[in-house]
Amino acid sequence: MAKLTIPPEELMFAGHAACPGCAAALAMRLVLKGLGPRTIVALPACCWTVIGTPFPTTALRVNVLDNAFEATGASISGLRAAADALGIRDVQIVGFAGDGGTADIGLQSLSGMLERRTNAIYVMYDNEAYMNTGVQRSGETPAGAWTTTTPVRGRARGKPEPKKDLMRIVLAHHPVYAATVNPSFPEDFVAKVERARGLTGPRFLHALTPCPPGWKFDSAETIRIGALATETGLFPLYEVEADRLRITRRFSRLKPVRDYFDRQGRFAHLDEAEIERLQREVTAGWERLLREESASSDRPRSAEVSRPTGADATPPVPAG
Ligand SMILES: Cc1ncc(C[n+]2csc(CCOP(=O)(O)OP(=O)(O)O)c2C)c(N)n1
Ligand code: SF4
Ligand SMILES: [Mg+2]
């Protein structure tokens, strides 16, 4: 009989305000399963404050701090300092923020938290736009995607710029642990949360969270679309610990990116040439990741206390 690796305890109430098929709700559920009840979550302005904490209710069985949009990194540094001052040692401090609140407006706050070596976990749930305010593009919106601020009209063909490679920015800070996670692969997701829980120092998780209204797909398709993001190589699953990179889901052959694009209205306008160009970029990114994994396995493990400097400070280079 298959062994259940995902803790059965639920730390999220069933009644919450997410849209049907919201993967951001699943991501929180899996994070809390991996961390357990001694957890404090800091939430900035984002869909999750609406999903989880419309006053005076809460969808979470753990304590929550609602913080300003740009301040999640600073908030979890402050929570950790307060816990230390009070002698509270057994609590996990987690920042759970959207892509806009992390990769754009909150980037300096995240960088500060990583650089100060704050003992906390930062999770970016990435629905690839500012969803709570009506699907505006973010730095994490992928190339070609329609949003309300990257329209498809006349010569405008969705977002012209590529997705910001936040993992590369995070890895330049040499966190103790960083990983990509995807609710369509829940065992991999929870295993990474549990790994992060067992470490001390700054830790970071990048969670891809498909969003039915923002990506324009039927809510029954969430898990399949999330799986396709990884199976096509668009969102590879890997982890970096002590500066060593390990791919956690590998495929002998990637599925064509078209399989992913075809299921979402935000990419419905892409023509053959555009899909071919994006396919070439994804294939090159996957091959780069494989090379990087192989190169980083020869690298000596860096200790948290003696972080590399100078020429040795080059972080692993994930696919981008
Ligand atoms: C300083 C500031 N600017 C703008 C806003 C308005 N605002 C609230 S949520 C949000 C979008 C959040 O996007 P993201 O972080 O990606 O989370 P999502 O809504 O997609 O879950 C914006 C612009 C705000 N609350 N504070
Ligand atoms: S808009 Fe998207 S991310 Fe926000 S609650 Fe709905 S499905 Fe979730
Ligand atoms: Mg978002």
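**Ground rules.** I am reading a predicted model, where local features need pLDDT of at least 70, side-chain atom pairs count only at pLDDT 80 or more, and totals for chains, interfaces and linings use all residues. Residues are numbered from 1 along each chain as its sequence is written, with chains lettered from A and ligands numbered from 1 in the order in which they are written.

**Q92.** I checked burial next: a residue is buried if 20 or more other C-beta atoms lie within 10 Å of its own, exposed if 12 or fewer, and partly exposed in between, with C-beta atoms placed from the backbone. Q92 counts as buried because it has 23 C-beta neighbours inside 10 Å. Not counting residues up to four places away in sequence, Q92 touches L35, R38, T39, I121 and R197; contact means C-beta atoms, placed from the backbone, within 7 Å. I also looked up R29, which is 63 residues from Q92 in sequence and 15 Å away in space, C-alpha to C-alpha.

**Whole chain.** I see 11 helices and 10 strands. The radius of gyration, taken over C-alpha atoms, is compared with a globule rule of 2.2 Å times the number of residues to the power 0.38. For 320 residues a compact globule would come out near 20 Å, and the chain has 19 Å, so the two agree. Buried residues make up 47% of the chain. Of the contacts with a separation of 6 or more, 69% join residues 24 or more positions apart.

**Core.** I defined a nonpolar core as a set of buried Ala, Val, Leu, Ile, Met, Phe, Trp, Tyr and Cys residues joined through C-beta atoms within 7 Å. The largest one has 82 residues, and those with the most contacts inside it are A24, V31, V94, F96 and V123. Its largest share, 10 residues, comes from α1. A24 touches A18, C47, W48, I51, Y125, N127 and T209, leaving out residues up to four places away in sequence.

**Ligand 2.** A residue is near a molecule if its C-beta atom, placed from the backbone, lies within 6 Å of it. Around ligand 2 I listed A18, C19, C22, A24, C47, I51, N127, M131, C211, P212, P213 and G214. Two or more residues each come from α2 (47–52) and α8 (212–215), and α8 gives the most, with 3. I count Ala, Val, Leu, Ile, Met, Phe, Trp, Tyr, Cys and Pro as nonpolar, Asp, Glu, Lys and Arg as charged, and the others, Gly among them, as polar. This shell divides into 10 nonpolar, 2 polar and no charged residues. C22 sits in the segment before α1 (23–35) and is buried because 27 other C-beta atoms lie within 10 Å.

**Ligand 1.** Here I found 15 residues, the closest being C46, C47, G98, G100 and N132. By class they are 6 nonpolar, 7 polar and 2 charged. Helix α4 (residues 99–104) gives the most, with 3 residues.

**Where to be careful.** The chain averages a pLDDT (the predictor's confidence in each residue, from 0 to 100) of 93, and 92% of the residues score at least 70. Over residues 304–314 pLDDT stays under 50. Where pLDDT is low, the predicted coordinates should not be read in detail.

Definitions and conventions: Helices (H or I, at least four residues) and strands (E, at least two) are DSSP runs, numbered from the N terminus. Two residues are in contact if their C-beta atoms, placed from the backbone, lie within 7 Å.
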